[in-house]
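Me: I've got a model open with a ligand in it. Can you walk me through reading the ligand shell and then the strands?

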Amino acid sequence: MTRPAVVVVGAGPAGLFAAERLAAAGAAVTVYDRMPSPARKLLLAGRGGLNLTHSEPRRAFLDRYPSLPPAVAEALDGFPPDALRAWAEGLGEPTFVGTSGRVFPRAFKASPLVRAWLARLTGLSVGLVMRHRLVGIAPGPLLRFDGPEGRVEVRCDAALLALGGASWPRMGSDGGWTTLLKGEGVAVAPLRPANMGVEIAWTADFAGRFAGQPLKAVTIALGDRIVRGEAMITAEGLEGGAIYTLSAAIREALATAGGARLVVDLKPDLPLDAVAARLAGARPKDSLSAVLKKRLGLAPQAVALLRETEGGSLPREPLALAGRIKAARLVVPGVRPLDRAISTAGGVRFDALGKGFELAAMPGVFVAGEMLDWEAPTGGYLLQATFATAAAASACIAARLGLPMAGDPVPAW
Ligand SMILES: Cc1cc2nc3c(=O)[nH]c(=O)nc-3n(C[C@H](O)[C@H](O)[C@H](O)COP(=O)(O)OP(=O)(O)OC[C@H]3O[C@@H](n4cnc5c(N)ncnc54)[C@H](O)[C@@H]3O)c2cc1C
């Protein structure tokens, strides 16, 4: 009996995971990618330790996704964090829970996992065809690629597109697929930066002295959203976990109000009057910088940031100064471009999908991973949803092709 042929386009985590599942279910799977080698962005993510997922309970986990689409919530329930951890362990990479509940592979990088994964795919007879860029899709499905030897046409029983977003295009996902799919009548929400840096008009002196320095253990508020964490000063503004978590709210404020006003609390664990009391105990002959360092332990970059904030020169009176420390105001006129962001918001809209993860406009063509219209902060939420949507889409393809999919017992969260 001939095995049904599945073509996966995109050799990132979504594509490779779907390929693994479908090959294990009995499909003849070939993965195409425009780059010379697979999983480039995953390997890049590995440079930061490869934060695979997060260990927090289900409700808290799901709440991290701004406007979580129901299909992604369902996919996460079908393939929750413990399933991803078990998968990594099966590839010889047991995971551990690091600071703030984030989950990492033991090697704290992606390369051993990717090596073991590619060996498993070879064992499952998954074909990998690199340097082939998807340039067209016709009913069938019939896929057209431009490769080193020219145009190639491939017919299959089902296709999965896992083409990623448009951040770090050098890693392969350049968002070029948006034109292709829109041309075929697929609704695509505009691709926008997520988990991106923000721009702030620092003085040249501040940017020159403090770019690369962190603001540790601060809270950053935008309207009524308050995020605790760390931010990194850059020549252009700020980036880092606390800023990334506010991505969607910052984009929204820029779109509706033309600018976002961030309020940084440099001493979030001390109430205003306690900060003022510490300042009041300072020796009058000490400079302001010395007082802020000695009495509050503020790092030089935090002190300098205070001087950069809206409001100009700093008051010496303790309560007024405490007020500035608890609410240092920064104006964000814009965000850093998509190509430097960690991830992408926007993508194939969920109302463009029929049942499951299949494109309504293109029967037999399914979609998974970051190219779908969901977003998430850093913390492992991106890869978890990438794998979960790939698991869900591959289950839909298997059902369509009449392939038995073993289906893991779903671990409880
Ligand atoms: C610096 C950085 C650090 C990150 N760290 C983390 C982290 O620690 N934890 C986390 O959860 N997430 C992290 N991410 C995000 C995570 O890497 C992505 O969300 C994830 O890789 C998305 O997987 P994907 O398979 O959907 O897309 P991708 O990994 O982008 O793969 C898409 C593939 O499709 C191919 N492709 C695109 N267009 C075409 C075409 N027309 N024809 C053929 N092939 C095509 C590309 O070459 C690429 O190989 C990080 C991202 C970056 C940039």
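Reply: Helix 2 gives the most to the shell around the ligand, with five residues. Helices (H or I, at least four residues) and strands (E, at least two) are DSSP runs, numbered from the N terminus. Keep in mind that this is a predicted model: local features need pLDDT of at least 70, side-chain atom pairs count only at pLDDT 80 or more, and totals for chains, interfaces and linings use all residues. Residue numbers start from 1 along each chain as its sequence is written.

Me: How many residues surround the ligand, and which are the closest?

Reply: A residue is near a molecule if its C-beta atom, placed from the backbone, lies within 6 Å of it. Here 38 residues surround the ligand, and the closest are Gly10, Gly12, Gly164, Gly172 and Gly369. Among the elements that give two or more residues to this shell are helix 1 (13-24) and strand 7 (133-138).

Me: What happens at the turn, at Gly223?

Reply: That hairpin has two residues between its strands, and Gly223 takes a positive phi near 60°.

Me: And where does strand 14 go next, to which partner?

Reply: Strand 14 is joined to strand 15 (residues 237-239) by two bridges, and they run antiparallel. This hairpin has three residues between the strands, and Ile233 has Leu238 of strand 15 as its bridge partner.

Definitions and conventions:
Two strands pair if DSSP finds at least two bridges between them.
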